[in-house]
Amino acid sequence: MLKPVSKEVLMPAKKDKDINALEEEVLVIEARRRSQLLGKYCAVLAGKRGYKNLEREFVLYRYFAETYHWTPSQVRELTTDEIYALLPQG
């Protein structure tokens with residue numbers, strides 16, 4: 001007598017696709033959250049350094065220009081993790 005086969009056995013590719021989609025969604029959510037935190041950090045940095053009325057990326061450009069003598073194009077090449085590592089902590 002034949003035993004019934006579960007859907008998981010019949011469609012493993014769909015399950016893998018679902019897992020990959022969930023992993024991608026988590027990565028997108030994490031990236032958004034890190035971006036929001038970076039925006040808040042830039043606002044604090046702007047206040048501490050006296051950068052009035054500058055948008056987030058311009059705060060970063062100015063900070064890295066003053067601190068490391070970098071151009072905006074060099075700053076744009078950095079990843080979020082690299083930016084966090086180079087920003088002052090505390």
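Here are some notes on the model, point by point.

1. **What kind of model this is.** This is a predicted model in which local features need pLDDT of at least 70, side-chain atom pairs count only at pLDDT 80 or more, and totals for chains, interfaces and linings use all residues. Residues are numbered from 1 along each chain as its sequence is written, and side-chain values use heavy atoms, with hydrogens and water left out.

2. **Overall make-up.** You will find five helices and zero strands here, running α-α-α-α-α from the N terminus. Helices (H or I, at least four residues) and strands (E, at least two) are DSSP runs, numbered from the N terminus. Of the contacts (heavy atoms within 4.5 Å) between residues at least 6 apart in sequence, 32% join residues at least 24 apart.

3. **Surface and burial.** The accessible surface of the protein is about 7,400 Å², and carbon and sulfur atoms account for 58% of that; such areas come from the Shrake-Rupley method with a 1.4 Å probe, and for residues only the protein chains shown count as cover. Buried residues are 16% of the 90 in the protein. Buried means under 20% relative accessible area, exposed over 50%, and partly exposed in between (1.4 Å probe, protein chains only).

4. **The largest nonpolar core.** A nonpolar core is a set of buried Ala, Val, Leu, Ile, Met, Phe, Trp, Tyr and Cys residues joined through side-chain atoms within 4.5 Å. The largest one has 14 residues, and those touching the most other members are Leu38, Val59, Leu60, Tyr63, Phe64, Ile83 and Leu87. Helix H2 (12-49) and helix H3 (56-68) each supply at least two residues of this core, with H3 giving the most, five residues.

5. **A look at Tyr63.** Which residues does Tyr63 contact, leaving aside its neighbours within four places in sequence? They are Leu45, Arg49, Tyr51, Tyr68, Leu86, Leu87 and Pro88.

6. **Leu78, in a loop.** Leu78 sits in the loop between helix H4 (72-76) and helix H5 (80-86). Is Leu78 buried or exposed? Leu78 counts as buried because its relative accessibility is 18%. Leaving aside neighbours within four places in sequence, Leu78 is in contact with Phe64, Trp70, Ile83 and Leu86.

7. **Two positive phi values.** Most residues other than glycine have a negative phi. Asn53, in the loop between H2 and H3, has a positive phi of about 60° although it is not a glycine, and at 81% relative accessibility Asn53 counts as exposed. His69, in the loop between H3 and H4, has a positive phi near 60°; His69 is exposed too, with a relative accessible area of 65%.
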